[in-house]
Amino acid sequence: MTPVLQARGLVKRYGHVTALDGADFDLLPGEVLAVIGDNGAGKSSLIKVLTGAVQPDAGEIRLDGEVVRFRDPLDARRHGIETVYQDLAVAASLDIADNMFLGREIRRPGLLGSVLRLLDKKRMRAESAEHMAALKIGLRSLAVPVESLSGGQRQGVAVARAVAWATHVVVMDEPTAALGVKESGQVLDMIRRVRDRGLPVVLISHNMPHVFEIADRIHVQRLGRRVAEIKPGDYSMAEVVAIMTGALQLSDGKTVVTDQEAVKAAGVTRD
Amino acid sequence: MTATTTTQTPLANEPSPARRLLLTPTAGPLAALVLACVFFSFSTDQFLSGGNFSLIIQQVMVVGTLAIGQTLIILTAGIDLSNGAVMAFGGIVMAKLAVDSGLPPLLAITAGLAVCAGFGLINGLLVTRISLPPFIVTLGMLNVVFALTHIYSQDQTVTGLPAPLTFLGQTFSIGDTAVTYGSVLMIGLFLFFAYLLSQTAWGRHVYALGNSPEVARLTGIRTARLTVGVYTLAGLVYGMAALLLVSRTGVGDPQAGQTDNLDSITAVVLGGTSLFGGRGLVIGSLIGALIVGVFRNGLQLMGVPSIYQTLITGILVILAVTVDQLSRRRTR
Ligand SMILES: Nc1ncnc2c1ncn2[C@@H]1O[C@H](COP(=O)(O)OP(=O)(O)O)[C@@H](O)[C@H]1O
Ligand SMILES: [Mg+2]
């Protein structure tokens, strides 16, 4: 199966910090791929490189098997890749419809649109309402600034926008990080609905229960590279955490204990 | 996006336009302006007349127009300290080219507009290319342009301007009220920029940029180009303010506009636009300029010494930024 989105040997340095140190990445058609890793493991950097938000210093990205190079986020969006960036998803003082269509506004038909460049606000509102409804995001009004929404609703707007425009891949960087239990559940439901449409989803998350609940496969990122690619059913949460922290390593599909104490502390039982 | 569905989902609970205005940060300033007008109407007989209103508008015309450019820049979370100086230089260029160099007046005006837009462009490039804070860039530019004005004019006031340069100072009558063409130009500019900011994609992008440049960039907005465009357009508006200034005073004056940078910021702030960027309406800045104008005019008619006008303006500014700060804290 050709991966939808693939990367080999990605390197990204910020001055002395190496955020990505030869990272590989594979996203298969129709799957929810969780990307997990400690703080600073390079998850966000990986996502930013894959979606054109930053340029890698080295490495190769393939979309449907073809080598691509995204000059900027707009370029990736044109290729059908939509991203919900961590903490940088919506413009706070704009309303929901403005946010849904930011950078892709619809103008009025005829001279009003082509000469006067008038926006078709009615149509953008109506379409936004449909997209919000499709993901079952309940809102009282679409004409209020998103800063007046709850954290979950705001994230819902960002997710709905990504889903509405994506034709290829949806990427979400820690979409539940700032949310409560109920709101996180709503975002996970949205991710399921996206997968049910056949779109592959990349989900960056810290939250192991969420990851195990929703992911088809898990990409473990550590010190700027992928250290494991696993199925949730094959390992326990404690083992995955141990892999994430480096206490456990994978080699030829087998786990190797590198730090007995840490593994014991993590509650992993292995011989 | 799947644009095939044309069925309009009924949107319950959409606020009406009037209610939406109430929700904007411009509602407070508008109420303040109305209250001030009511107060002065009862306090002095001369206040409530077409002629007096026409006078107030003439008095705020130059600062009001500067405030349009200032609003654009403040909406991007920038600030422009150089606009009064740029305007003064633009005015001198127009006057000297038309009088001393004998250029056709319209060409002299065009050159003045272009020079002002050029300074805006330089400001914009310094802010984006070298990532300098707008405060510092425009502070530097203020001094550069101020010096250029005095060097170029040799500190001489330019008199004897040809008709096209003073046309905007002419009046026409609405009923028995004389209105200057310049007032009409200023109001027209406000309406034009209100439309640009609220009805076009460009306007939405300016707000998004002011909210967060990184969010705007990640949504695919070309933020550097947008910023340079905003500063350049603001410069062009300062050029129009220069023409208004020259028309109103009838001379090219190198000393003009020295406090207008701060006065334009005052108008923007009083109009409810946030100095943190991304929030506010350009019409608010007209209201802000009118608040200052109405207080000045009303207090003068009441015979209050002018220093109290300054005192009240200062208190209003502090009040306005306090409201902004508190409302931001509430929505965070
Ligand atoms: N714009 C940046 N400038 C400097 N260092 C950065 C930048 N972005 C990320 N880093 C550094 O790169 C490393 C990886 O960061 P990041 O990709 O955000 O990790 P994660 O998302 O897994 O927490 C960290 O050490 C971080 O400090
Ligand atoms: Mg991160």
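The exercises below, each with a worked solution, concern a predicted model with chains A and B.

Residues are numbered from 1 along each chain as its sequence is written, and chains are lettered from A in the order in which they are written. Local features need pLDDT of at least 70 and side-chain atom pairs count only at pLDDT 80 or more, while totals for chains, interfaces and linings use all residues; side-chain values use heavy atoms, with hydrogens and water left out.

**Exercise 1. The two chains**

Describe the secondary structure and the overall dimensions of chain A and of chain B.

*Solution.* Begin with the secondary structure, where helices (H or I, at least four residues) and strands (E, at least two) are DSSP runs numbered from the N terminus. Chain A has 10 helices and 12 strands. Its radius of gyration, taken over C-alpha atoms, is 20 Å, close to the 18 Å that the globule rule (2.2 Å times the number of residues to the power 0.38) gives for 271 residues, so chain A is as compact as a globular protein of that length. Along the principal axes, the C-alpha atoms of chain A fill a box of roughly 70 × 40 × 35 Å.

The C-alpha trace of chain B spans about 65 × 55 × 40 Å along its principal axes.

**Exercise 2. The domains of chain A**

Work out which parts of domain 1 of chain A touch domain 2 of chain A.

*Solution.* First set the bounds, which come from an automatic or database domain assignment: domain 1 of chain A is 5–234 and domain 2 is 236–271. Their centres, taken over C-alpha atoms, are separated by 30 Å.

Then examine the contact (heavy atoms within 4.5 Å), in which 11 residues of domain 1 of chain A meet nine residues of domain 2 of chain A. The buried area, that is, the accessible area (1.4 Å probe) that two parts lose on being put together, summed over both, is about 1000 Å² between these domains, with 78% from carbon and sulfur atoms. Met208(A), Phe212(A) and Arg222(A) supply 41% of the area that domain 1 of chain A buries here, more than any other three residues.

Finally, name the elements: α8 (208–214), β9 (217–222) and β10 (225–230) of chain A each give two or more residues to the domain 1 side. The residues of that side divide into eight nonpolar, one polar and two charged.

**Exercise 3. The interface of chain A and chain B**

Determine how many residues, how much buried area and how many salt bridges belong to the interface of chain A and chain B.

The side chains of Asp98(A) and Arg204(B) meet in a salt bridge at 2.6 Å, N to O.

Methods: Nonpolar A, V, L, I, M, F, W, Y, C, P; charged D, E, K, R; others polar. Salt bridge = Lys/Arg side-chain N within 4 Å of Asp/Glu carboxyl O.
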